[in-house]
Amino acid sequence: VASLTDDELRAAYSGAAALLFLSRSEGFGLPVVEAMACGCPVITGSHPAVLEAAGGASLTIDDTDPDALARSMESVTDPTTRADLVARGHERVRGLTWSATADSLAAAMLQAAGR
């Protein structure tokens, strides 16, 4: 298992052509958000937690289709597609703050408690 410092991780995301994230057992998909924050386009499968993390700002593919995977990896090299994914990723992560997370959790807890 690789261990990177925060600076090394930012450099890795920033220098990557894309993050390919095809996890099928994910709790949220933090790497998706981290990559987007660094301006790295993201390609995901259709696992619900990953789709929630991506918030519509990733290329979503059928992760059982090798041809779809190849096409998506090629498409992120197109400057227009890349710029669009980077812009959508930055927009997505703007709303993902610890404060917003705490507010959402508090609201869910109050709802569960019947208030």
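A pocket is here an open set of grid points with protein on both sides within 12 Å along at least five of seven lines, and its lining residues are those that have an atom within 4 Å of a point. In this predicted model, the largest pocket defined in that way is lined by 13 residues, and its volume comes to about 350 Å³.

**Largest pocket**

- Among the 13 lining residues, Phe 28, Leu 96, Thr 97, Trp 98 and Thr 101 are the ones that lie nearest the centre of the pocket.
- By residue class, the lining of the largest pocket divides into 7 nonpolar, 4 polar and 2 charged residues.

**Helix 6 and the residue that follows**

- Helix 6, which covers residues 98-112 and so has 15 residues by the run, reaches 21 Å from its first C-alpha to its last, close to the 21 Å expected at 1.5 Å a residue.
- Just after helix 6, Gly 114 adopts a positive phi of about 80 degrees.

- The open sheet is formed by 3 strands in the order 1-2-3, with parallel pairing, and its edge strands, strand 1 (19-21) and strand 3 (59-60), each pair on one side only.
- Strand 2 (residues 42-44) pairs with strand 3 in the parallel sense over 2 bridges, and Thr 44 stands opposite Thr 60 in strand 3.
- Helix 2 lies across strand 1 and strand 2, and runs at about 165 degrees to strand 1.

Conventions. Residues numbered from 1 in each chain as written. Predicted model: local features only at pLDDT ≥ 70, side-chain atom pairs only at ≥ 80, totals over all residues. Heavy atoms only, no water. Helix = DSSP H or I, 4+ residues; strand = E, 2+ residues; numbered from the N terminus. Expected span 1.5 Å × (residues − 1). 1 Å grid on protein atoms, 1.4 Å probe; cavity = no way out; pocket = protein on both sides within 12 Å on 5 of 7 lines; lining within 4 Å. Points joined across faces, edges and corners; volume = space filled by probe spheres on them. Nonpolar A, V, L, I, M, F, W, Y, C, P; charged D, E, K, R; others polar. Pairing = 2+ DSSP bridges. Contact = heavy atoms within 4.5 Å. Axes fitted to C-alpha atoms, helices over the stretch in contact; angles between N-to-C directions.
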